[in-house]
Amino acid sequence: TSRSIVSARRSRVASISRSSEDVSLVTPAGYQRGLAGYRAQVTDQPTGRLSPGDTAPDFTLTSDTGQDVSLAGLRGRKVIVYFYPNAMTPGCTTQACDFSDSLASLHAAGYEVLGISPNSPDKLAKFRERDGLTITLLSDEDKSVMRAYGTFGEKKLYGKLVEGVIRSTFVVDEDGKLTMAQYNVKATGHVAKLRRDLGLDS
């Protein structure tokens with residue numbers, strides 16, 4: 001049942017060591033960024049952070065099922081695009097499960113959900129299978145889409161300045177414009193807050 005799936009998810013989240021959160025995909029500032037052979041295609045890359053009213057940078061990324069998904073292909077629909085550091089870590093698991101649990105009602109309100117991380121499609125497939133996720137998971141291994149959205153850069157982790165993924169969420173309207181741009185969001189409780197911000201819950 002859906003209740004048992006959710007319970008199993010929470011148990012797995014609790015059993016993961018918090019020391020793994022966001023560590024394996026963080027690099028010291030100044031790390032060589034050029035990676036050959038990437039599959040992501042990005043256009044209109046801005047510098048710095050995005051704001052409501054900006055045009056959402058288009059992209060094409062590979063999903064955990066091996067399909068190419070483009071933001072432009074979803075034009076005419078509202079899209080929630082969220083960036084997270086590392087699949088299968090506690091916070092990222094909580095956030096992905098919360099989005100999955102809320103997906104039916106988000107669809108009913110006209111929203112699609114795309115989760116983007118630097119993980120490979122293979123790891124994302126394991127993430128989906130382990131936690132019964134229903135949202136679309138996309139791989140941005142070279143982090144080009146993250147840079148286009150301003151979600152990869154310097155941040156503090158355990159008191160140290162590092163370069164890594166900045167947990168962020170964006171809402172794109174039917175015409176490809178941003179109606180919401182939230183940086184440095186918290187994993188726990190974020191989906192509930194987002195639903196309130198979208199006027200879906202009181």
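Visitor: What should I know before I start?

Guide: Residues are numbered from 1 along each chain as its sequence is written. The model is predicted, so local features need pLDDT of at least 70 and side-chain atom pairs count only at pLDDT 80 or more, while totals for chains, interfaces and linings use all residues; side-chain values use heavy atoms, without hydrogens and water.

Visitor: How many salt bridges are there?

Guide: Side chains of opposite charge can pair when their charged atoms come close. A salt bridge needs a side-chain nitrogen of Lys or Arg within 4 Å of a carboxyl oxygen of Asp or Glu. The count here is six.

Visitor: Which residue pairs with Asp-58?

Guide: Arg-75 does, with the closest N and O atoms 3.1 Å apart. Asp-58 lies in the loop between strands S1 and S2, and Arg-75 in the loop between S3 and S4, so the pair ties together parts 17 residues apart in sequence. Strands are DSSP runs (E, at least two residues), numbered from the N terminus.

Visitor: Is Arg-195 buried or exposed?

Guide: Buried means under 20% relative accessible area, exposed over 50%, and partly exposed in between (1.4 Å probe, protein chains only). Arg-195 is buried, at 13%. Its salt-bridge partner Asp-201 is partly exposed, at 35%. Their closest N and O atoms are 2.6 Å apart.

Visitor: How many disulfides are there?

Guide: A disulfide is a pair of cysteine sulfur atoms within 2.5 Å. The count is zero. Cys-92 is buried at 0%, and Cys-97 is buried at 0%.

Technical notes:
Helix = DSSP H or I, 4+ residues; strand = E, 2+ residues; numbered from the N terminus.
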